[in-house]
Amino acid sequence: PTFISTPACEIRVWPNPFQPARAVNGVLKISCLPDGATVAFYTVSGEWVRQLESAGALTTWDGRNQNGAPVSSGVYFYVIQKGGEVLRVGKLIVQNGG
């Protein structure tokens with residue numbers, strides 16, 4: 001028999017740009033995360049905003065900081081790690097308001 005290898009699940013962050021008021025269920029989705037991965041969000045100046053722990057392949061973020069306040073509109077970076085290994089770094093645009 002011939003076996004066809006399928007690509008591993010690729011980490012995906014969507015929607016981007018993220019508009020909490022218009023997103024399905026008001027959340028950003030991060031898919032294909034390995035168990036135990038973390039997703040940290042930072043401002044463009046490097047200020048830590050919030051960190052999430054994955055509890056399965058799909059993790060969501062409601063656009064709020066560690067204090068529960070909505071983040072300002074702007075550009076943010078996310079860093080996805082597991083066990084000290086960086087799996088992905090990306091840029092995200094958050095658009096709050098109309």
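Predicted model: local features only at pLDDT ≥ 70, side-chain atom pairs only at ≥ 80, totals over all residues.
Residues are numbered from 1 along each chain as its sequence is written, and side-chain values use heavy atoms, without hydrogens or water. Local features need pLDDT of at least 70 and side-chain atom pairs count only at pLDDT 80 or more, while totals for chains, interfaces and linings use all residues.

A search of the whole structure gave 2 aromatic pairs. Rings of Phe, Tyr and Trp (its six-membered ring) pair if their centres lie within 6.5 Å; planes under 30 degrees apart are stacked, over 60 edge-to-face, and the rest tilted. Phe 18 and Trp 61 form a tilted pair, with ring centres 6.1 Å apart and planes at 40°. Phe 18 belongs to the loop between strand 1 (12-14) and strand 2 (28-31) and Trp 61 to strand 5 (residues 58-61), so this pair ties together parts 43 residues apart in sequence. Strands are DSSP runs (E, at least two residues), numbered from the N terminus.

Trp 61 also pairs with Phe 41 in a stacked arrangement, at 4.0 Å centre to centre and 15° between the planes. Phe 41 lies in strand 3 (residues 38-43), so its pairing with Trp 61 in strand 5 connects parts 20 residues apart in sequence.

Definitions and conventions: Helix = DSSP H or I, 4+ residues; strand = E, 2+ residues; numbered from the N terminus.
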